[in-house]
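Here are a few exercises to work through with the model open in your viewer. Try each task before reading its solution.

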Amino acid sequence: MEMTRSLFLIIDDEPALCRLLEHLLLQEGCATKSARSGCEALDLVKRFRFRLAFMDVKLPDADGIDLAGRLRELDPGLPIMLVSGSLFEDDVDLKKALADGLICGFIRKPYKHEEIRNATGCGRLH
Amino acid sequence: MKGILSEAIDDLSDVLWERAAARKSFHEFHDLLVNAIPSSILLVDRNLQVLFANRNFLEKTFHGKDNIVGKRLSQVFPKVILEELGLEASIRSVFDNGGSTQGQKLTYRAPGVPLRTYYYRMIPVIWTANVDAVLLLMEDVSEQVQLSKEVHCAERHLASVVDSASDIVLSTDNEGRILTWNPAAERISGYRVDDVRGRSLFEYLAKEHREDAKAFLSILKFQGGSRTADWVLLTADEGSVFISWVFSTMKDEASQTTGLVAVGRDQTERRKSEVQRLQREKLTALGVMAGGIAHELRNPLAVCSSAAQFLMNDQIKPEFRRECAEMIQKGITRASAIIENVLTFARPSDDAEFAPLDILGVLDEMSRLVAYEAKIRKIEMVTDLPNERLLVNGNRGLLQQVFINLFLNAIKAMSMGGKLRASAECSGGELLIRVADTGCGIPQEALAKVFDPFYTMLPMGTDTGLGLSVCYSIVKEHMGTIEVESTAGVGTILMVRLPLVADEAPI
């Protein structure tokens, strides 16, 4: 039950970043699963219930914001936190996704661990 | 004229003179002859009185049918002529010396008539032992003088055109020896015309262009017409100037090639502005690629930053500590490689020279640079280049621009993602580079216009100025060709052919 309650999804095509984020969340007592592509992410969301997804915007097979929509189709309550090095806070698509409630927040790469820790608080409880 | 006259008289005198019956006929013939010739004849005696004047003289001096025989010279010629030319003194000296005078020019404007110019001589006439009379022979050379003035004027005009031209204008004989060298050639080269006249033009060309120039000119001599070439001119201060030449053959009346004319334009300024234009376009291209580059850089930075934050925590296990240090090291290496790729393209190149360069290396560097942008646009980038060192005589900056333009155009055509394939193959001394995309394609009716400088497929305001026309002119400058094949909705292939040069440099 504990595992399910604090399971986080990491979607990033950069293995080192996945690895570091996994470690950080592990320190916080969370479990993680990582996806390197949109396809893998969709597959994992079908099989697991995550508290929150940390998602890169640019993936080899998908655009993060489009992917957010498709993930939400599978799991409408899934909070998604965008983590990107190519978006700015005033990006039109980003602002719209936030306003529509498609994503719950945005963290810019490189990030402070504190920002990730705080973001875990945005995860759903059940 | 005197020769003809005296010969005629000599010949005739043998036959006619002795026959009294023929005397009358001879007089008539004599009159006919002296009146028919286009020269003016005046015969004067020792007292400077007129003995005879032919019709031409009377007409030219406006005496008409007046009988001037017996008149004094001062009554025949205007005072001004007599005094200016010292005519009377000259005639007297002929009487005294018995020799002809040298031909002289006389210019006279009678009131109300145009200026006339005469060429005159004085010839002693000796019937007895002394000089009995002096023949003043005058020829109206006004028309010849006028013609020669016009010719001179035309020559002067032509010379001033050549002299005031800002381009080099020179001529050589068939062997390339310099005949003329205008002031612009003096200014640009620093060599005076006297320094170069008679010397071979090839001496003043950069060593690497001499053989090329010799072959070029020998072909031109046979084929005629005109041809262009870009050769470096060596200057007197041991510098060099890049010149675009147009060579033409000079032909004589029999259509034989007698030499060559060359017009050369100093391309230093044009090259300078080309380098500036290239730099502007590079910056535009970098702007287009900035998003991809930033994303690509932020990933290793994010890795380094996160790993460093773990390292600041004393609680972590030694294995993870080491792993973090390794990640930082790898991240920094990756970030520097990206910066290196960007700088290879972005750094300003003042070097407008062409030199043998590793063409596949340039293509590979540019494909790496553009791969960041391709990646964030969901475009799969495939490069299939032969593992060879192939050389093209070219300019790195210009060729980088060609490849970046082709890649970015391909990326722009694939707004929904796709596949960008860059390949190269070598055949028959040239390299064929293909850049193929699976994008929207170019409609058939627009295909012919894609190399036009003002044509764009993109909506107004979105054009980044990365035109195919730029690629076209750069490839042409590299003696290559560029072609396009496209099917709407399927994709486009751009094919660039560049001539290869032999690899002489050690690898």
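**Exercise 1.** What covers the buried residues of H6(B)?

First, some housekeeping. This is a predicted model, where local features need pLDDT of at least 70, side-chain atom pairs count only at pLDDT 80 or more, and totals for chains, interfaces and linings use all residues. Residues are numbered from 1 along each chain as its sequence is written, while chains are lettered from A and ligands numbered from 1 in the order in which they are written.

Step 1: helix H6 of chain B spans residues 87–97; helices (H or I, at least four residues) and strands (E, at least two) are DSSP runs, numbered from the N terminus.

Step 2: pick out B:Leu87, B:Ile91 and B:Val94, the buried residues (20 or more other C-beta atoms within 10 Å of a residue's own; exposed means 12 or fewer).

Step 3: the cover includes strands S1 (39–44), S4 (116–125) and S5 (133–140) plus helices H4 (73–76) and H5 (79–85), of chain B. Contact means C-beta atoms, placed from the backbone, within 7 Å.

**Exercise 2.** Find the exposed residues on the other side of H6(B).

Step 1: carry on past the helix to B:Gly98, which follows H6(B) and has a positive phi, near 75°.

**Exercise 3.** How many residues of chain A are in contact with chain B?

Step 1: 15 residues of chain A meet 18 of chain B.

Step 2: helix H2 (residues 15–27) of chain A gives the largest share of chain A's side, four residues.

Technical notes
Two residues are in contact if their C-beta atoms, placed from the backbone, lie within 7 Å.
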